[in-house]
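I opened the model and made notes as I went.

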Amino acid sequence: MTKSMTMGFLKKNALFRMLLVAAMLIGLAIPRQQASAQTYNANTDWFMQGKYGLFVQWLYGGGDMTGDWNTLVNGFNVTRFAQQANESGAKYVVFTLGQNSGYFASPNATYDLLVGRTAATTKMSTRDLPMDLYDALAPYGIKLMLYLPARTPSDDPDVGDILGDPAPIYDHLATQDFQAKWESIIQEWSDRYGSKVAGWWFDGTYNNGAMYGKPDISQAYTDYTKAHNFQTFAAAAKHGNANAIVAFDPGLAVDLPMTTHADYITGEQNQLSILPSQANAAPYTRWIGGIQWSETAYQGNDWNSFGLKYTTPYIVNYLSKVTNQNGVLSFGPHVDKTGNINAPQLAQLVAIKNGLLGKGPGVQVTDDADAAFTYTGTWGTSIPSGTGYYNNTGHFTKTPGSYVQYTFNGTNVVWSGVKGPDHGTADVYIDNVLDQSVNLYAANRFVNAEIYSKTGLMPGSHTIKIVARSDKDSASTDYYVEVDRMNVATGTPTVTDDAASGITYSGTWPTSVPTGTGYYGDTGHFSTTSASYAQYTFTGKSIEWYGVLGPDHGKADVYIDGTMDQTVDLYNAERYIDTLLYTKRNLSAGSHTIKIVVRSDRNVSSVGNYVEVDRFNVSQGTPVVTRDDTHPSWNYNGTWLTSVSGVDYYKHTGHYTSTAGSYAEASFTGTSVEWVGKLDADHGKADVYIDGTLDQTVDLYSPNRHTGITVYSKQGLSTGNHTIKIVARSDKNVVATNYYVEVDALIYQ
């Protein structure tokens, strides 16, 4: 429908639209208790306890918005995205339902009726992408939140005029007529999704217009004598789910909320520098004006862009401080049109998870009952079995001055315990210096939960001390402080980009790597000239070389401290960027040099001799290694098929069997191991042996398909060489339809 046809339709049907709006306003009558302000809202507890999530500005800026809209929406792979979101450690995803373009990733009949669009002219997708996202995220326990502008799409002609929203929208306040219509549009989505959508993030209710010579457009929502305001706006978003949490964006600020009808602050800013304690009277209070403290920032160089704006150690350290004060960070990586998170950014998110939550292979977990803990004062231990505590044990106190000490070797430590309605506060000391006062109150109870993390310590011995305080949150009914476990890690690797000054190149090494193609830092060096070499001197106990595998890649010799260590074949039928190519472990403490030399020969299947350097990762301890199922170190015995491929699998490959007694076996050097495989409705069971001893029988049945996830893990192994053996069993879950067992990758440290 052309512009003139659209306007003609609306003029001829003005009476119809008036009746429609009137009917919608009647239907928008909200129960008073649901629309009332909810300061100190207990519904934000899950948000606070989640610590961080992903903020996905999908198709932001329009760079990927080419071709048919439905084709774009249909091409979003929710399964892969959910898998990567789970890898990142995010506990929620804020996803763009629609923005300035006027296109929306879900149908909305109210919108189309109000603007006069038909099935042929609608900018609503036929696929309900949020509904599919919920289905994919829910099995991982990841909550879905939705992003919408508070005003009409600025790049969609005529919509503002039709809906009564004056243009330019940031030069004018929203009218009552527009607000009524916009609330009715939001309510349709809210009613459809119900409890499947846990929250909303509304953009464009700015109160910082003065700094740009613009009006304070938030004033349109703060006059509660009028029919439509922040109260009715929030009520429309919560109409389908009274427990949903909402936020309204005042612009680039992390400060007092504009309204008590919000549940959390949006906290949009361009610099990660603000802490909750800077806005609170007490450093351990999570509320600002009764609203949950949170902030929103992008991970790359802009929203939904490539690059890494911050180093991983900086983010881990900063986010540790934020979450220790019960704040929340929504972090925006680049997500392409198919739903794939940019590889370097995903790697950084995984490193953040490992550092902040004490997760991942190689992390040492020490139970509260271990002799390494020293308790002084009054501590009880009567923890009921089966209530969720780690190893069914826990220590607790409510006596001020009682403390516990734990000495460890590592760079990161995470204290896990309990937050709840009867919990108090504690002071945490690192090496006898007060680091943080922690508030353990939450309206809901969280057991075996990460309470406090300290990252970026120097390698070596450290002591954490937790002291019960005499004060508490005003809402708490008691003073309990609990210790359940400590997780200790050696810290995240130091990442050195190929363009760093510490790397020297000899011979011919061009650097023309296209921006945005997935290279770490958007840079890369490559060579095809025999005897050309790259050299890097580092201080650490292990080194990883990341580069590219591909059909036109050759071979390279790798030297450590002048001694030839390995020849690496870089050929692969498919192209993989920013990929781990070589690892050297168990080096002595001190300085070492890696040298990568281009060879003159290549794999017989290769069509070129390319050798690429993208980055180096240096660790003071032992690095995490991911080994694909196709790696030659795997030994497959029995009947194993390899016709598994797809983006959901690590390196797009997998082995599978349904024959009892068939096994896959691999040796590794490390203290922990994870088997990455698949759960599905047609999957059976497998026995897992470590060093020849049966360790666990794994049931691989799931009513929903989950690819590329850890199905088995083992920690606490002795330092040295070990063997894992995965044996397909002859039995299965009673509801499973077949006996499949799959091997996708091995992760060890």
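**Helix 10 and helix 11.** I looked up which residues touch here. Trp182, Glu183, Ile186, Gln187 and Ser190 in helix 10 meet Thr232, Phe233, Ala236 and Ala237 in helix 11. Contact means heavy atoms within 4.5 Å. I sorted the contact of helix 10 with helix 11 by class: 5 nonpolar, 3 polar and 1 charged. For the classes I took Ala, Val, Leu, Ile, Met, Phe, Trp, Tyr, Cys and Pro as nonpolar, Asp, Glu, Lys and Arg as charged, and the others, Gly among them, as polar. Helix 10 packs on helix 11 (residues 230-237) at about 25°, and the axes are 7 Å apart. Helix 10 is therefore roughly parallel to helix 11.

**Ground rules.** The model is predicted, so I kept to pLDDT of at least 70 for local features and 80 or more for side-chain atom pairs, while totals for chains, interfaces and linings use all residues. Residues are numbered from 1 along each chain as its sequence is written, and side-chain values use heavy atoms, with hydrogens and water left out. Helices (H or I, at least four residues) and strands (E, at least two) are DSSP runs, numbered from the N terminus. Axes are lines fitted to C-alpha atoms, for helices over the stretch in contact, with angles from 0 to 180 degrees between N-to-C directions. Under 35 degrees counts as roughly parallel, over 145 as roughly antiparallel, 65 to 115 as roughly perpendicular, and the rest as oblique.

**Helix 6 and helix 8.** I checked this pair next. The axes of helix 6 (residues 78-88) and helix 8 (residues 129-137) come within 9 Å and cross at roughly 50°. The two helices are therefore oblique to each other. Their crossing is right-handed, that is, the near helix is turned clockwise from the far one by less than a right angle. On the helix 6 side I listed Val78, Thr79, Phe81, Ala82 and Ala85; they meet Leu129, Asp132, Leu133, Ala136 and Leu137 in helix 8. By class, this contact has 8 nonpolar, 1 polar and 1 charged residues.

**Sheet 21-31-25-28.** I traced an open sheet of 4 strands in this order, with antiparallel pairing. Two strands pair if DSSP finds at least two bridges between them. Strand 21 (494-497) and strand 28 (576-584) are the edge strands, each pairing on one side only. From one strand to the next, the twist averages 25°. Strand 21 is joined to strand 31 (residues 615-619) by 4 bridges, and the two run antiparallel. Aspartate 497 has arginine 615 of strand 31 as its bridge partner.

**Sheet 32-43-37-40.** This is an open sheet of 4 strands, again with antiparallel pairing. Which strands stand at the edges? Strand 32 (625-628) and strand 40 (706-714) do; each has a single partner strand, so one side of each lacks a neighbour in the sheet. Strand 32 pairs with strand 43 (residues 745-748) over 4 bridges, in the antiparallel sense. Arginine 627 stands opposite leucine 746 in strand 43.

**Salt bridges.** I found 25 in the structure. The criterion is a side-chain nitrogen of Lys or Arg within 4 Å of a carboxyl oxygen of Asp or Glu. One of them joins glutamate 450 to arginine 485, with the closest N and O atoms 3.7 Å apart. This pair links distant parts of the chain, strand 17 (residues 446-454) and strand 20 (residues 485-489), 35 residues apart.

**Backbone.** Most residues other than glycine have a negative phi, and most peptide bonds are trans. I noted an exception of each kind. The bond from alanine 167 to proline 168 is cis, with omega near -10°. Proline 168 lies in the loop between helix 9 (159-163) and helix 10 (176-193). Asparagine 326 has a positive phi, near 65°. I placed asparagine 326 in the loop between helix 12 (312-324) and strand 9 (328-332).
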